[in-house]
Amino acid sequence: MTKTVFPPCQAPIIPVVGQDGFPVGRIFCVGRNYADHAAEMGHEVDREAPFYFTKSAHAILLSGQDMPYPPRTSDLHHEMELVVAIGETASNIPIDQAMSVVFGYGCGLDMTRRDLQAAAKEKRRPWDTGKDFDNSAIIAPLTPVADAGDIEHLAIRLSVNDEVRQISTLDKMVWSIPEIIADLSTLYTLHAGDLIMTGTPAGVGPVVQGDVLRGTIGDFAPLETRIV
Ligand code: MN
């Protein structure tokens, strides 16, 4: 192995219920994938094509850990999302085969510096500083597909300090999981280790230091974090 001037950084590892851990490669995020959330952000949903942004694997925070309130924002928002974990390589995969590359599912939070995202949108600049920052991808333990059952109608919810802020069902997604995987695989070759955050329902809003966030999707391992 080639010697390096410092140790290469290790992929973050997400716990898997009943199995070894899942090492993360990339994180793809779907924008505006629930009509009610698109509406609260002032947009109409179209079925023309899904769109994406990315987060670095460095942005991962494991559920159960505290999230330090991030710098350069005064409007940190929660976005509760289903995470789809990819277990095999996929390129130009047809919709009817797309589910074969899914390893499992989990609860995720796409934490957002909404003020920085809004400023970037206004200036037609990239969203990176609003979306891809330290601890902004909070991920709970994954459930393998074989143990997940039929997930289409599962409830997705997020509470802050025991008050429900977001509640919906996965069948409200504008683009389904196989549609997202098939489309994404025309833009990138997907690999084992990639995560897809599949968008958030309505009810996003700010959190402050001391808030406790708890997210659930069906019976998947719940997500918990405290803002400190
Ligand atoms: Mn999101």
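Where is Thr198 found? Select it: Thr198 sits in the loop between β14 (195-197) and β15 (205-206). Keep in mind that this is a predicted model.

**Stop 1: around Thr198.** Thr198 counts as buried, at 1% relative accessibility. Now show Leu82. Its backbone oxygen lies 2.7 Å from a polar atom of the Thr198 side chain. Thr198 also touches other residues, including Val30, Tyr34, Met173 and Ile180.

**Stop 2: the largest pocket.** Its volume is about 150 Å³. Select the lining, which includes Met99, Ile151, Asp171, Met173, Ile177 and Pro178. The lining residues divide into 6 nonpolar, 1 polar and 2 charged.

**Stop 3: salt bridges.** The count comes to 9. Start with Asp194 and Arg26, whose closest N and O atoms are 2.7 Å apart. Asp194 is in the loop between α5 and β14, Arg26 in the loop between β2 (19-23) and β3, and 168 residues separate them. Asp194 is buried at 2% relative accessible area, whereas Arg26 is partly exposed at 30%.

Move to Glu179 and Arg47, which meet at 3.1 Å, N to O. Glu179 lies in helix α5 and Arg47 in the loop between α1 (35-40) and β4, so the pair ties together parts 132 residues apart in sequence.

Finish at Lys55 and Asp110, a salt bridge of 2.7 Å, N to O. The pair links strand β4 to strand β8. Lys55 is buried at 3%, and Asp110 is buried at 0%.

Key:
Residues numbered from 1 in each chain as written. Predicted model: local features only at pLDDT ≥ 70, side-chain atom pairs only at ≥ 80, totals over all residues. Heavy atoms only, no water. Helix = DSSP H or I, 4+ residues; strand = E, 2+ residues; numbered from the N terminus. Buried < 20%, exposed > 50% of the residue type's maximum accessible area, 1.4 Å probe, protein only. Polar contact = N/O pair within 3.5 Å; in protein donor to acceptor, adjacent residues only side chain to side chain. Contact = heavy atoms within 4.5 Å. 1 Å grid on protein atoms, 1.4 Å probe; cavity = no way out; pocket = protein on both sides within 12 Å on 5 of 7 lines; lining within 4 Å. Points joined across faces, edges and corners; volume = space filled by probe spheres on them. Nonpolar A, V, L, I, M, F, W, Y, C, P; charged D, E, K, R; others polar. Salt bridge = Lys/Arg side-chain N within 4 Å of Asp/Glu carboxyl O. Lists of a residue's contacts leave out its neighbours within four places in sequence.
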